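Please keep the sequence and the model in view while reading.

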Amino acid sequence: MAPDPASAPALQVIDVKYSYGKTRAVDGISFEVSPGEVFGLLGPNGAGKTTTITMISGLLRPESGQVLLFGHEVSAAGGQARRPLGVVPQDIALYEELTAAENLRFWGRLYGLTGAGLEAAVSRTLEQVGLADRAKERVRKFSGGLKRRLNLGAGLVHQPGLLLLDEPTVGIDPQARLRILDVVREQARAGRAVLYTSHYLEEAEQICDRLAIVDHGRVLAMGTVDELRRLVGEGPVVHLRGEAAPGALERIAASMAGVTLISASDSVASFAARDAASCSALVRELLGSRLGLEDLRVAEPNLQSLFLKLTGRELRD
Amino acid sequence: MGTIAALVAKDIRRRLADPAGLLLTLMIPLVIAGLMALAFGQFAGGPEEIQKLRAVVLDLDESPLSTVLTSPPRDEEAARRLEIVAVATREEGMQRMREDQYPALLVIPEGFTKGLLRGEKVQIELVKNPSQGFSPVAAQQAAEVLALYLSVGARVLDDFGPQLESLLDGEERSWSDSVALAALATAVYARIKSGDNLIFPPLIEVSEPEAESAGERLGGFNFLSWMYPGMIVMGLMFVGIYQMKDLLREREAGTLKRQLASPIGAGALMAAKIISVAVVVMISAVVMMVMGSAAFRMTWGPPGRMLLAVLLSSFAVTGFSALIYAIVRTERQGDALGGIITMVMSLLGGAFAPSQIMPPAMQKVSVLSLNYWANGALRSLSSQGGRDIGVYLVVLAVIGALCTTLGVAILARRHFRGAV
């Protein structure tokens, strides 16, 4: 099941659209994921990430557009087209009455593994997710972090060519999160394509080779982490919180060279500075003004800044 | 096929890992049947609770003996226990029996007394009212006791028939001839004292017309063999509903969606779920039957017929459960609707009382219930070794096929809608 780098991209999503009733959930999203690459879909809840993943996994038929898995259209090729796919859903989808090994054995069988091959795959996966010593324990006794690790294992057991990870680290402790991120990196190093959705920006910055920022069913920006950061600017970003009126902030930005107002709402605002000098001048201006500031912070440009710039709101909104 | 087997094995393994709910469901029939048997056997029918025995009698013989037999009792105690209504024709008797809800019509045929006095084998006819549940059984037993007493009387008077006949006809002698009567009484006393061969073989038989006894025969009635099959079927329906609920649980847990994202198709998933529910229902049926044999000494006929009955009853119950979960949207709705329909169908199908004692309209509706046919199949096994089980099995197969087809079609559309 290992992908062939010489063949077509592991995943091609071409201008797909999908609506729930009158609500457009996905509105013409396109991207590609190559073998060995970790591609991130970033966006707030309701941005269309899960609907996109659901179409990729064959559970929804796109209203228009195409989803190609290793060159085969998912909706036309039936169940066999899904064989190279490993799905790790956002909600833990395991059988709590069964043991960890029994769960992996079951999911392996669904992908055609049998006999000694199945047993070897189960053992290998338990090792990968660090649950070899808990193989015979029922899942209902597991903590949230252990369940998350096994949930990941169930998507890996058949060594898929493309791994779909939908918010795989939601609600777990930092140690379990690091373990999961390690496994994801290992999978990419082994040549597997990984599609990773998250609203944890720092996490995505750490592990994704390329990213697409989505909101309201559309791709707002796409590229490597560095490419996306440059969309904000090379200089520092100033975040402030207080009672400042947006009009006053706009006047400050307009009056200063090398300063751009990225976003402004009722109580928070962000400025992008071209360089350290313009940043210093901006901070002096803000502190000297009578804007009623409660907090002021200077940071390096990151994906949060980009998301603010693109959407005018925090990613966790 | 291997994938479906894996799916079924997974469900069975999950059931075995958490068997408490299933075991409790399996105990329901045993507990209810046991309690009902206890109640009927020990607490009902005390001396003060004996119901009056009522019968319509048609005397076609019109002899002094038959007149005595068909007259209302004069003794106060007997009148309290017995109500006899004489009718002139069979049609009138049938009409009174139906309209006034008498449990039976007793017909004393023409020539009854003469035949009896000549030592010939004669019959009295008992037409039971099938809508009267238990009372016809009492009427039949009363008629058999009457036949026994008359048989003894006839044996006693065996050699004196011609004399009695002439007395009754009033040709040569009459009841006022005291010498003849005294001689007769002395001879009869001597015969009774000797007491030989008075009872067996009986001279009088109680016959039951075929047309009137069609349906459930209550003769030789065994309460548990009637009650327990109904409880088994009701228990199986609860097991089926409990098992089919797993479909909604899997949907809510996300495992259904995850399976649909695998290479297996929605059809295979649905088939596996139906098979796994049917397997658990079948195992439950066998367990409940074995429990019935152990607790109530019930028998279930030849293994082949028993296996067919278990198979087809389980098929029908599984289809019914699929249909319930095709209609509802939540587990709570499934519990409520499934429970109500199961109880109503159990009532209509004769799980708690014979359908024959229900009003005619309910009797007509009862044949639409799964329970009517499944109860019939199991009762046929327990009471007759399944001799007349064929029609029940055919109808169960039809019910199973209809419910499963409809249920699966709706379930597939509801739960797998949009799946590629």
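Two residues are in contact if their C-beta atoms, placed from the backbone, lie within 7 Å. Helices (H or I, at least four residues) and strands (E, at least two) are DSSP runs, numbered from the N terminus. This is a predicted model, in which local features need pLDDT of at least 70 and side-chain atom pairs count only at pLDDT 80 or more, while totals for chains, interfaces and linings use all residues. Residues are numbered from 1 along each chain as its sequence is written, and chains are lettered from A and ligands numbered from 1 in the order in which they are written.

**Two packed helices in chain B**

- Met345(B), Ser346(B) and Leu348(B) of H16(B) meet Leu370(B), Asn371(B) and Tyr372(B) of H18(B).
- H16 (residues 331-348) and H18 (residues 370-384) of chain B pack at an angle of about 55°, with their axes 7 Å apart; axes are lines fitted to C-alpha atoms, for helices over the stretch in contact, and angles run from 0 to 180 degrees between N-to-C directions.
- That angle makes H16(B) oblique to H18(B), since angles under 35 degrees count as roughly parallel, over 145 as roughly antiparallel, 65 to 115 as roughly perpendicular and the rest as oblique.

**Chain B as a whole**

- Chain B contains 19 helices and five strands.

**Helix H4 of chain A**

- H4(A) spans residues 115-128 and has 14 residues.
- Its buried residues (20 or more other C-beta atoms within 10 Å of their own) are Ala121(A), Val122(A), Thr125(A) and Leu126(A).
- What covers these buried residues includes helices H3 (100-110) and H5 (144-156) of chain A.
- After H4(A) comes Gly130(A), whose phi is positive, near 70°.

Conventions
Expected span 1.5 Å × (residues − 1). Buried ≥ 20, exposed ≤ 12 C-beta atoms within 10 Å, placed from the backbone.
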